[in-house]
Amino acid sequence: MSPPEDLELEYRSFSLPLAEPLETADGTIESRDGFLVRLVDDGAPGGTGPGDGSVVGYGEATPLSGWTESREGCQRALERARDAIRSGGPSEALEAVDRQVAARHALALALADLQATRESTPLYRYLGQGPMVGRVPINATIGDGSPAETADAVRTAVDRGFDCCKLKVGLRSVDADIERVRRVRETVGDGVELRADANEAWTYEEARSAIDAFGDLGLSILEQPLPAGALEGHAALRDLRTGVSVALDEGLLEHGVDAICDAEAADVVVLKPMALGGIDVARKVAAWLTELDITPLVTTTIDGVVARTGAVHLAAAIPDVPACGLATGDLLATDLGRDPVLFEKGSAVVPQAKGLGVGDVWGER
Ligand SMILES: O=C(O)CCC(=O)c1ccccc1C(=O)O
Ligand SMILES: [Mg+2]
């Protein structure tokens with residue numbers, strides 16, 4: 001049994017510019033601004049900071065417009081959590097941020113990191129109680145660009161060891177995107193898995209011509225071709241049986257798992273822990289999807305190292321997870337601290353240290 005809790009929550013803001021803006025059909029991401037959260041259990045009451053015998057848990061809240069609450073809403077929620085954890089405890093704090101998904105993500109991650117650290121268990125095993133997992137498969141994330149730029153970016157990713165690349169599409173005409181995928185396929189051959197993410201850009205007719213051509217080009221997954229509301233449209237695209245799996249991302253946040261299943265709208269559902277309110281929530285959604293024969297996969301929202309590593313642990317807690325969008329650290333020009341996750345040969349090496357395994361991100365800044 002752990003002693004009665006005497007937890008303090010602290011947070012600080014950060015701003016992480018991207019190395020190069022990421023162009024998506026949903027807008028350009030230039031910088032990721034949010035809050036690093038630290039929970040300290042000092043053990044000895046009356047302590048003034050982390051000392052001998054104290055345990056620390058880290059979390060990260062990195063709001064993204066269109067996906068989470070605003071930065072201001074997030075900060076207010078973290079303030080409430082800080083008060084609630086003093087006066088009540090973890091459950092009260094979680095309740096205080098229940099509807100602010102990025103803030104809840106940070107708090108739930110910090111609590112899980114703290115508890116897994118107390119139990120000397122890597123976070124993914126604390127989450128899933130499953131077997132040891134050494135690696136999770138990952139995809140490279142390739143923004144919009146000309147056919148030549150896109151082919152170059154994919155070539156570079158493949159040279160670095162990636163065997164799955166996800167292209168952002170939907171900013172150009174459908175014909176131009178088909179040309180991009182064709183050029184990429186010609187450049188890297190059939191041995192590389194290719195996916196595309198349209199971030200809701202297309203009409204049904206556009207999506208139909210895209211998915212037809214993508215099927216011929218051996219694309220594996222087309223993510224969110226239609227607006228989030230279009231469950232039946234996505235179901236109709238699946239009915240075309242092009243060999244391309246249809247994935248929903250924005251659609252999950254709008255409809256939830258049961259409606260997607262009832263409409264038979266997806267082969268695959270994308271889980272973004274930052275947008276779902278935490279890796280604990282995402283883990284439950286993943287289990288439910290698997291039960292319904294829908295494949296879950298995990299991506300970040302281009303997060304700092306704390307949230308990104310949390311997402312790696314989440315992926316490691318999902319049995320047989322396909323390649324996940326976790327290789328997004330390289331998109332950032334700076335980070336919150338050293339990356340404990342090694343990326344090699346298309347996989348992320350899962351940290352086996354206790355908790356998240358991110359080290360002292362508080363002191364490193
Ligand atoms: O899945 C990936 O490869 C990276 C994550 C990604 O594409 C993304 C990043 C930020 C916001 C939205 C998305 C998305 O999947 O739509
Ligand atoms: Mg997506």
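## Annotated region and basis of the model

The UniProt annotation "domain: Mandelate racemase/muconate lactonizing enzyme C-terminal", from an unreviewed entry, covers residues 147-241; UniProt positions are given here in the numbering used for this chain, feature names are shortened, and annotations may be inferred rather than shown by experiment. Over residues 147-241 the chain is 53% helix and 14% strand, and the end C-alpha atoms are 27 Å apart. Helices (H or I, at least four residues) and strands (E, at least two) are DSSP runs, numbered from the N terminus.

This is a predicted model, in which local features need pLDDT of at least 70 and side-chain atom pairs count only at pLDDT 80 or more, while totals for chains, interfaces and linings use all residues. Residues are numbered from 1 along each chain as its sequence is written, and chains are lettered from A and ligands numbered from 1 in the order in which they are written.

The protein chain is divided into domain 1 (7-120) and domain 2 (135-349), with bounds that come from an automatic or database domain assignment. The C-alpha centres of the two domains lie 26 Å apart, and their contact takes 27 residues from domain 1 and 31 residues from domain 2, where two residues are in contact if their C-beta atoms, placed from the backbone, lie within 7 Å.

On the side of domain 1 that touches domain 2, the elements giving two or more residues are strand S1 (7-24), strand S2 (27-41), strand S3 (55-61) and helix H3 (101-118), and the largest share, 8 residues, comes from S1. By class, this side of domain 1 has 17 nonpolar, 5 polar and 5 charged residues, with Ala, Val, Leu, Ile, Met, Phe, Trp, Tyr, Cys and Pro counted as nonpolar, Asp, Glu, Lys and Arg as charged, and the others, Gly among them, as polar.

Strand S7 (residues 193-197) is mostly covered, as 4 of its 5 residues are buried; a residue is buried if 20 or more other C-beta atoms lie within 10 Å of its own, exposed if 12 or fewer, and partly exposed in between, with C-beta atoms placed from the backbone. Strand S6 (residues 164-168) pairs with S7 in the parallel sense over 5 bridges, and the bridge partner of Lys166 in S7 is Arg195; two strands pair if DSSP finds at least two bridges between them. From S6 the chain crosses through helix H6 (residues 174-188) to S7 in a right-handed β-α-β crossover, a crossover being right-handed if, with the strands pointing away from the viewer, the path from the first strand over the helix to the second runs clockwise.

S7 is also joined by 3 bridges to strand S8 (residues 221-223), and these two strands run parallel, with Asp197 standing opposite Glu223 in S8. A right-handed β-α-β unit is made by S7, helix H7 (residues 204-216) and S8.

## The annotated active-site lysines

UniProt places the feature "active site", again from an unreviewed entry, at Lys168 and Lys272. Lys168 lies in strand S6 and is buried because 24 other C-beta atoms are within 10 Å. Not counting residues up to four places away in sequence, Lys168 touches Glu23, Thr24, Ala25, Ile142, Gly143, Asp144 and Asp197.

Lys272 lies in the loop between strand S10 (268-271) and helix H10 (273-276), and Lys272 counts as buried because it has 24 C-beta neighbours inside 10 Å. Leaving aside neighbours within four places in sequence, Lys272 is in contact with Trp67, Thr299 and Thr301.

Strand S9 (residues 245-248) is joined to S10 by 2 bridges and the two run parallel, with Ala247 opposite Val268 in S10; S9, helix H9 (residues 250-262) and S10 make a right-handed β-α-β unit. S10 pairs with S11 in the parallel sense over 4 bridges, and the bridge partner of Val268 in S11 is Thr295.

## Loop residues with positive phi

Gln129, although not a glycine, has a positive phi of about 50°; Gln129 lies in the loop between helix H4 (123-128) and strand S4 (135-137) and counts as exposed, with 9 C-beta neighbours inside 10 Å. Ile302 has a phi near 60°, a positive value in a residue other than glycine; Ile302 lies in the loop between strand S11 (295-298) and helix H12 (305-316) and counts as buried, with 22 C-beta neighbours inside 10 Å.
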